[in-house]
Amino acid sequence: MRRRGVFPLILLAVVTLVLSSSGAADFAFPLQVNSVRLAVIGDMGTGKQPQIEVGQQMVKARATFPFEFVITLGDNLYTGSQPSDFEKDFAVPYKALLDAGVQFYAVLGNHDKTNERFYKPFNMNGANYYTYRKGRVHFFALDSNYMDPKQVAWLESQLRAAGNGDWKVCYFHHALYSSAKFHGPAMDLRKVLEPLFVTYGVDVVFAGHDHVYERIHPQQGVYYFTEGASGSLRAGNLRPSAITAKGFDSDRSFMMIEIAGDDLYFQTTSRTGVVVDSGVIHRTIRPVSEGVAHQSESRRGQAPVKGPEPNRRGFGGVPN
Amino acid sequence: MRTKCWIRCQGVTGLVALSLCVVAPRMLAGLGAAPGKAQADDAAGFTEFSARVQAYLRLQRTVESSLPALKPTDLPEMITAHQEALARKIQEARPKAKEGDIFTPAVREAFRHASQAALGGPRSASSRAYMQPGAPNPRMRLEVNSLYPDTEPVTAIPPELLAAYPPLPVEVAYRVVGRTLVLLDVKSRLLVDVARLILPPPS
C-alpha cells in the first residue's frame, strides 16, 4: 500500500523535473494571427505604488506582446466604493492600458462591493457572473463569494452550451487549489465546481485571493493558476507542496496568455520585469473516459487522474 | 385589476413553490416516518421568511422606481449616487425597521437548523477554513437599516450553506459575519435584517 502511494510521487517528481528543464530563454509567444491574447491580474486594487508599477510593466510588455484584454480575479478595489476609490485603485494604475483601448473583464473578490458590476470598464454589465467568447475561447467569469445553486445551475448550462470544440477558461476569486498559508484551497467550492470542470472539459482555471503566484500541476486534467499578487503581496506565504508546479511569492506579478489553436502559451512577469514562469499547455481532444460520472455528456474527456498527464505536452516552466 | 390579481396569485403560487423546493428535500430525507414537527415548523419558517422578503422587495422596488435606473456607467459617481439615494429612501420608508422584522423567531429557528445541518459535524472545519481568513470583523456594528461598512470584506459563504437556505431574488443576498446571518440589500448596501447566533459555533 505504501509502495503504491510512493510511486506516483516519484513519477510526479521526475515529470516535473523533465518539464522544468526548458527555461524562459526557450519561450516566446507565437503571436499568431487570430490568436487570443490577454493578461491576468488579481488582488490588485490597492492604489499603492507596487500596483502602479505592475501597471507600468504591463504597458511595457504590451509593446512586444499586444494583449487585447485583461481579466481580473477580484479584489479590484480594496479601499472602498467612493468614486475616488475607483479612480485610485483602478483608473489611475491602468490609465495607459485603458487609453489604449484594452478591455478589462472583472470578477468580484471578497473585498469588492457588488455595485462594481455597474462600472462599465469592468465589463460585467450589471451581472455578478457572466460569460463571453473571444475567438475560440469561452470565458466564464464567476462570483465565488456567493456560489448559490442558481449560479451553479447557470454555470452548468453555459458549460454544456459551449460544446466541446473550443477552449473553456473559468476565473473567479477563491482558488480551488492553493499552497499558500494564509487562505489555502477553497475546499467547499472545489466540491461544487471541480465535478463541473471535469465533466464539461474546462481547460484552465484562474483564481486569486492568496497574494502569491502559483501554478498547480493539472488536477483531473484541469490546469489551475493563482495570480493574487498584482497589487497585494504576502511575501513568503507560499508553502510549495506536491501540487505546486511553480510558485513565486517574493514580489508582485501578472500573467500574459496567448491561445493559438490547441496551445495556450503563458508567461508570468514580476513587477520589475523578470520572467518568473512560462510555458505551453497543449489541449488534447480525447475520447470520453469510461466509468466517470457524467463524462458521457462531454466528447472532450479529461483523464480522471491527479498529477501531470504524460500524454499532454504540459509545462515548460522555469525551475524554482 | 384583473392583471394585478393574476400577478398576485402568480406571486403567491411562486412563493409556495419556492418554499416547497427548499423544504421538500429535507422532508423526503425523512421518508418512512411522517415529517416531524420540527421539519414542518422549519418549512413554515421558511415560507414566512420568503413572504417577508417579498414584502420588503415590493417596498424596495417602489422606492427604486422613483430614482433614475442604475445602468452600467463609466462614472463611478453615478453608481455611488444611486446607492446612497436608494439607501436614504429605503431608510425613510422603513423608519421603524428593527431586528426580527424578517428573521422572526420561527424564521431564525429554521435558519439555525439549516445552518447546523450544513455546517455542523465533520464538514465544519473545511467550511470554516473557507469562510474565516479575510472575513469581516465579527465585532463589526450590525444594525438594521444601516449600511454594510465600506471597508469590511464579505464572507464567502459555502455553497452547501447557500443550498440549504431559501433562494433569494437578485436584489438581496445573505451575508455572514461571525455567527450572525445578515440579509443585505445589495444595491443600497443596507442591512435589511440581522439574525444573531444562527451559525453553529466552531467545533
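How are helix 2 of chain B and helix 3 of chain B oriented to each other? In this predicted model, helix 2 (residues 37-65) and helix 3 (residues 76-93) of chain B pack at an angle of about 130°, and their axes lie 10 Å apart. Angles from 65 to 115 degrees count as roughly perpendicular and those over 145 as roughly antiparallel. The two helices, helix 2 of chain B and helix 3 of chain B, are therefore oblique to each other. The crossing in which helix 2 of chain B passes helix 3 of chain B is right-handed. On the side of helix 2 of chain B, the contact is made by L59(B), Q60(B), V63(B) and E64(B), and on the side of helix 3 of chain B by L86(B), K89(B), I90(B) and A93(B). Sorted by class, this contact of helix 2 with helix 3 of chain B has five nonpolar residues, one polar residue and two charged residues. In an α-helix there are 3.6 residues a turn, so residues three or four places apart point the same way.

The secondary structure of chain B consists of six helices and three strands. Along the sequence these follow the pattern α-α-α-α-α-α-β-β-β. Chain B has 203 residues, of which 36% count as buried. Among its contacts between residues at least 6 apart in sequence, 65% join residues at least 24 apart.

Chain A has six helices and 13 strands. Of its 320 residues, 52% are buried. For contacts in chain A with a separation of 6 or more, 69% are between residues 24 or more positions apart. One residue of chain A may be described individually. R215(A) belongs to strand 8 (residues 213-219) of chain A. A residue counts as buried if 20 or more other C-beta atoms lie within 10 Å of its own. R215(A) is buried because 24 other C-beta atoms are within 10 Å. Its C-alpha atom is separated by 9.1 Å from that of F248(A), a residue 33 positions away along the chain.

The two chains also meet. In the model, 32 residues of chain A are in contact with 30 residues of chain B. On the side of chain A that touches chain B, the elements giving two or more residues are helix 3 (83-91), helix 5 (149-161) and helix 6 (187-199) of chain A. Helix 6 of chain A provides the largest share of that side, four residues. By class, the residues of the side of chain A that touches chain B are 14 nonpolar, 14 polar and four charged. In helix 3 of chain A, the residues D85(A), F86(A), K88(A), D89(A) and F90(A) are buried. The buried residues of this helix 3 of chain A pack against helix 3 of chain B.

Nonpolar cores were also identified. The largest nonpolar core has 117 residues, and those with the most contacts inside it are A39(A), V40(A), Y171(A) and V205(A). Helix 4 (residues 105-119) of chain B gives the largest share of this core, six residues. Leaving aside residues up to four places away in sequence, Y171(A) touches I71(A), L73(A), V107(A), A141(A), V205(A), F206(A) and A207(A). Another core, of eight residues, lies apart from the largest one and includes A180(A), V212(A), L233(A) and L238(A).

Technical notes. Residues are numbered from 1 along each chain as its sequence is written. Chains are lettered from A and ligands numbered from 1 in the order in which they are written. This is a predicted model: local features need pLDDT of at least 70, side-chain atom pairs count only at pLDDT 80 or more; totals for chains, interfaces and linings use all residues. Two residues are in contact if their C-beta atoms, placed from the backbone, lie within 7 Å. Ala, Val, Leu, Ile, Met, Phe, Trp, Tyr, Cys and Pro count as nonpolar, Asp, Glu, Lys and Arg as charged, and the others, Gly among them, as polar. A nonpolar core is a set of buried Ala, Val, Leu, Ile, Met, Phe, Trp, Tyr and Cys residues joined through C-beta atoms within 7 Å. A residue is buried if 20 or more other C-beta atoms lie within 10 Å of its own, exposed if 12 or fewer, and partly exposed in between; C-beta atoms are placed from the backbone. Axes are lines fitted to C-alpha atoms, for helices over the stretch in contact, and angles run from 0 to 180 degrees between N-to-C directions. Angles under 35 degrees count as roughly parallel, over 145 as roughly antiparallel, 65 to 115 as roughly perpendicular and the rest as oblique. A crossing is left-handed if the near helix is turned anticlockwise from the far one by less than a right angle, and right-handed if clockwise.
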